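Please open the structure in your viewer and keep the selection panel at hand. The stops below go from one selection to the next.

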Number of protein chains: 2
Amino acid sequence: MHLLAEKAAGEISLREVARAADVSHNAPYHHFSDRRGLLKVLAERSMADLVAAVRDAISTASDPASAVTDGGAAYIRYAVEHPHGFDVIYDPTVCIPGEPSETMAPLIVELEQLLSEASVAAGLEEQSVTGVWGLVHGLGTLCAAGHFTLDDALAASADALVRMLPG
Amino acid sequence: MHLLAEKAAGEISLREVARAADVSHNAPYHHFSDRRGLLKVLAERSMADLVAAVRDAISTASDPASAVTDGGAAYIRYAVEHPHGFDVIYDPTVCIPGEPSETMAPLIVELEQLLSEASVAAGLEEQSVTGVWGLVHGLGTLCAAGHFTLDDALAASADALVRMLPG
DNA sequence: CTCCTATGTTGACAGTGTCAAGCAGTGGTG
DNA sequence: CACCACTGCTTGACACTGTCAACATAGGAG
C-alpha cells in the first residue's frame with residue numbers, strides 16, 4: 001500500500017521492495033509468484049479499500065438519491081486520492097476480468113451490487129447501473145490524470161446523476 | 001501505430017523497435033529524446049485518430065441528440081478497438097495535462113469543443129460536458145478492460161445520455 | 001532424531017534504458 | 001575546390017531489472 005502511495009505500479013521493482021525489506025533480491029519470490037503476483041496483491045487490497053469507501057458512503061447517506069451521489073463521490077475521491085491503487089485495480093495485465101483471483105472476484109461483485117442496489121432504490125432501472133459505474137469511473141480516471149479538478153469532477157458527477165434519476 | 005495494435009505502451013522497448021527497423025540499438029535516440037518521447041508521439045497520433053473518429057461521428061449525425069450519442073459511441077468504440085492507443089493518450093507518465101505537448105494541446109481542446117458544442121446543441125448546459133466526457137470515457141475504459149461487452153457499453157451510453165438530455 | 005517446508009541466500013543470465021564517443025555521408029559556404 | 005556543420009547511424013559500456021538454479025538454515029511434524 002505505502003508502495004502505491006508514492007509510485008505507480010509500472011515503477012515498482014521487486015528488487016526495490018527487497019532492498020526496502022532489507023533482504024536479498026530474490027526473497028520476494030518466496031512470497032509472490034512473480035512481479036505480477038505482487039501487483040495482484042496490491043490490486044486486491046486497493047479494491048478492498050475502494051469497495052469499503054463506497055460501502056460506507058452509501059450506508060451513511062440520508063436518502064436513496066444521495067446514496068447514489070455519495071457512493072459515486074466516494075468512488076471518484078478514491079481514484080483521485082489513490083491514483084496508483086486505482087490504476088492497478090483496473091490494469092488488464094494485472095487483473096484479467098475474465099479470470100479474476102479468488103480474492104478479487106467477490107469484491108467486484110460487491111461493488112456492482114452496491115451501485116446496483118443504490119441505483120435501483122433511487123428509481124433507476126437495473127440496466128442503468130452500467131451507466132452509473134461508467135460515469136464515476138470516467139470522471140475519477142480523468143480527474144486523477146489531471147484533466148480537471150476534484151471539485152469539478154464531483155460537481156459533474158452529482159449533476160449528471162440527478163439528471164439520470166427519474167422524476 | 002502498428003506497435004500499439006499489438007502491444008501495450010509498457011511493453012514496447014526502444015531496442016525492439018530498433019531491431020524491427022534493422023538498425024542499431026541506439027539509432028532511435030536520434031529520432032526520440034528517450035523512451036517517453038516515443039510514447040508521446042504514439043499518444044499524439046492516437047489522440048488525432050480518436051478526435052477524428054468523434055468529429056466524423058458528430059458531423060454525420062442526423063440531429064443534435066444523436067450527434068451526442070453518436071459522438072459518445074465513437075469515443076467508446078475507439079477505446080475498445082484501440083485499447084493500447086487509448087491508454088497511452090491518458091497515461092499521466094506520458095502526457096501531463098498541465099504541460100501538454102504542442103501537438104497534443106490543440107487536440108485536447110478540439111475534443112472538448114466537439115463534445116461541448118454537440119451537448120449544448122442538444123440542450124445541455126455548458127458545465128454538463130464534463131459529465132458527458134466522463135461517462136463515455138469510463139464506459140470505454142471499463143469495456144476495454146473487459147468488464148462488459150461493447151454492446152452493453154454502447155447501450156448504457158445511449159441510455160444514460162438520453163436521460164441526461166433535457167425534455 | 002529425521003524429514004519436510006518455509007524462507008532466506010548467492011550467483012548467473014538475458015534484456016532494458018541511457019550515456020559517451022566516433023564514423024560516414026550530405027549539403028552549404030568561404 | 002576545401003572546409004565545416006549536421007544528421008543519421010554505429011559500437012561499447014554502465015547500472016538496473018525479472019527470473020532461474022542451486023544451496024543454506026531453521027522450525028515443526030512424524
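**Stop one: around DNA strand C**

Begin by selecting helix α2 (residues 14-20) of chain B, which contributes the largest share of the surface near DNA strand C, namely 3 residues. Here a residue is near a molecule or strand if its C-beta atom, placed from the backbone, lies within 6 Å of it, and helices (H or I, at least four residues) and strands (E, at least two) are DSSP runs numbered from the N terminus. The model is predicted, and local features need pLDDT of at least 70, side-chain atom pairs count only at pLDDT 80 or more, and totals for chains, interfaces and linings use all residues. Residues are numbered from 1 along each chain as its sequence is written, while chains are lettered from A and ligands numbered from 1 in the order in which they are written.

**Stop two: where the chains meet**

Now turn to the contact between the chains, which takes 31 residues from chain A and 31 residues from chain B, two residues being in contact if their C-beta atoms, placed from the backbone, lie within 7 Å. On the side of chain A that touches chain B, α7 (129-144) and α8 (150-164) of chain A are the elements that give two or more residues, and α7(A) supplies the largest share, 11 residues.
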